Amino acid sequence: MIPGSFAYHRPTSVSEAVSLLNELGEDARAIAGGHSLIPMMKLRLATPEHLVDLAGLKDLKGIRADGGDIVIGAMTTQHEVIGSDLLGAKLPILREASLQIADPQVRYVGTLGGNVANGDPGNDMPAVMMCLGAAYDVAGKAGNRRINARDFYQGAYFTALEPGEIVTAIRIPAPPAGHGYAYEKLKRKIGDYATAAAAVVLTMNGGRIATCSIGLTNVAETPLWAEEAGKILAGSALDAATVKKAVAAAEAITSPASDRRGTPRYRTKMAGVMLARALARAKARARA
Ligand SMILES: Cc1cc2nc3c(=O)[nH]c(=O)nc-3n(C[C@H](O)[C@H](O)[C@H](O)COP(=O)(O)OP(=O)(O)OC[C@H]3O[C@@H](n4cnc5c(N)ncnc54)[C@H](O)[C@@H]3O)c2cc1C
C-alpha cells in the first residue's frame, strides 16, 4: 500500500527537531531509518501528517567511550554498530545481536535509536539494553533527561518518552574485560522477528558465576529483564539443576502473544531454550 500524504521536515539541530515536534504536536512523528515507521504508514497503522527527519542531526551520530561507559548516537545504524571496532572490543554482544536483525539492506539504514525507541516487543535491541543496564539520553522541550532501559518500556509501542521527546544517545556501562555474552534468537527464517530470544551477559570468578544479567525478546508486551533468574544463577557453576531453576524463573515472567510464530506455551518454552543456550555459550566465552 501507499502511505497517506505528509509534510516533510529536515531539522539540522536537536533543539530545532524538538521545537518542531512540539509545535506540530500529535500529528508529527520523528523518523530515523524509517524501517519500522514506513511499513506502518504503508499499512495505514500510522498516519502522521508531519515527518520530522532526524537524519540531519550530526549530534546523533558517532560511537565513543566516556569513562567506563560507551555512548552511541541514536542515529547510528545497525550496520555501523556491527562494523565498530570499539563495540567489537567492549560490547561484542551488540555485534552478535545486530547481525540477527533483519538483513543487510535493513541494517544499512535502520538505527539503534529507532530500534530502542520504537516500543515494538519484537525489536531485538531493547532486551539487550536491559540486559546491559543501558540508559537512554533524551531531549525534550523541558530539557534533557536520562531514562534507564529497564524503566523505559511500558507496553507494546508505549514507552517512557513524553510527546515531543527524542532519544539522542544510548549510554552503556562497559562490562568487565573477559565477560561472557550471547544473544540467542529463534526465528522462522532469515530476516524474521524473534519467536523468542535471550540475551545473557555474565562474569565468572573461580569457575562460578559472579554476576549474570538476562534480557528476553518478544515474549511479552515489552522486552523483559529476568532479574530473578540472574540472581538464581549467581554463585553457581552453571550446573544443570540451577540452570533449570533459572530457566523456570525466566519462563514464569513471560506472557507471549499467540501469533503465527506459535502459541504462548510454545514461545515461553522457546524463551527457556534460548536462555539455556545463551547461558552455555556465554559461560564458554567468559574468562575467570
Ligand atoms: C523486513 C524487516 C525486517 C526487520 N526485522 C527486524 C528484526 O528482526 N529485529 C529488529 O529488532 N528489527 C527488525 N526490523 C526493524 C528495523 O530494525 C528498524 O530499523 C528498527 O526497528 C527501527 O529503526 P529505524 O531507524 O528504522 O526507525 P524508524 O522506523 O524511523 O522509527 C521507528 C519509531 O521510532 C521513533 N523514533 C525513531 N528514532 C527515534 C529517536 N531517536 N527518538 C525517539 N523516537 C524515535 C519513530 O518516531 C517511530 O515511531 C525489521 C524491519 C524490516 C523492514
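**View 1. Ala102 sits in the loop between helix 5 (92–98) and helix 6 (104–109).** Helices (H or I, at least four residues) and strands (E, at least two) are DSSP runs, numbered from the N terminus. This is a predicted model: local features need pLDDT of at least 70, side-chain atom pairs count only at pLDDT 80 or more, and totals for chains, interfaces and linings use all residues. Residues are numbered from 1 along each chain as its sequence is written, and side-chain values use heavy atoms, with hydrogens and water left out. Ala102 is not a glycine, yet its phi is positive, about 45°. Ala102 counts as buried, at 18% relative accessibility. Buried means under 20% relative accessible area, exposed over 50%, and partly exposed in between (1.4 Å probe, protein chains only).

**View 2. Leu238 occupies the loop between helix 10 (227–233) and helix 11 (240–252).** Its phi is near 65°, a positive value in a residue other than glycine. Leu238 counts as buried, with 14% relative accessibility.

**View 3. Ala226 lies in the loop between strand 14 (224–225) and helix 10.** At 2% relative accessibility, Ala226 is buried. Beyond residues up to four places away in sequence, Ala226 touches Ile214, Leu216, Ala250 and Ile253. Contact here means heavy atoms within 4.5 Å. Glu162 is 64 residues from Ala226 in sequence and 26 Å from it in space, C-alpha to C-alpha.

**View 4. Helix 1 (residues 14–24) has buried residues Val14, Ala17, Val18, Leu20 and Leu21.** These residues lie on the same side of helix 1, because they cover an arc of only 160° around the axis. The arc is that of the directions from the helix axis to the C-beta atoms. An α-helix has 3.6 residues a turn, so residues three or four places apart point the same way. Ser15 and Glu23 are exposed on the other side of helix 1. The buried residues of helix 1 pack against strand 1 (7–9), strand 2 (28–31), strand 3 (50–53), strand 6 (135–140) and strand 10 (166–173).

**View 5. Asp53 is part of strand 3.** Asp53 is buried, with a relative accessible area of 9%. Neighbours within four places in sequence aside, Asp53 is in contact with Tyr8, His9, Arg10, Pro11, Ile31 and Ala32. Gly34 is 19 residues from Asp53 in sequence and 9.2 Å from it in space, C-alpha to C-alpha.

**View 6. The chain divides into domain 1 (7–52), domain 2 (60–173) and domain 3 (180–285).** These bounds come from an automatic or database domain assignment. The centres of domain 1 and domain 2, taken over C-alpha atoms, are 19 Å apart. Ten residues of domain 1 are in contact with 17 residues of domain 2.

**View 7. The second largest pocket holds about 160 Å³ of space.** Its lining has 14 residues, and the closest to its centre are Cys131, Pro175, Val201, Thr211 and Ser213. Helix 8 (125–132), strand 12 (196–205) and strand 13 (208–217) each give two or more residues to this lining. Domain 2 and domain 3 each supply at least three. On a 1 Å grid over the protein atoms alone, a pocket is an open set of points where a 1.4 Å probe fits, with protein on both sides within 12 Å along at least five of seven lines; lining residues have an atom within 4 Å of a point.

Methods. Grid points are joined across faces, edges and corners, and a volume is the space filled by probe spheres set on the points.
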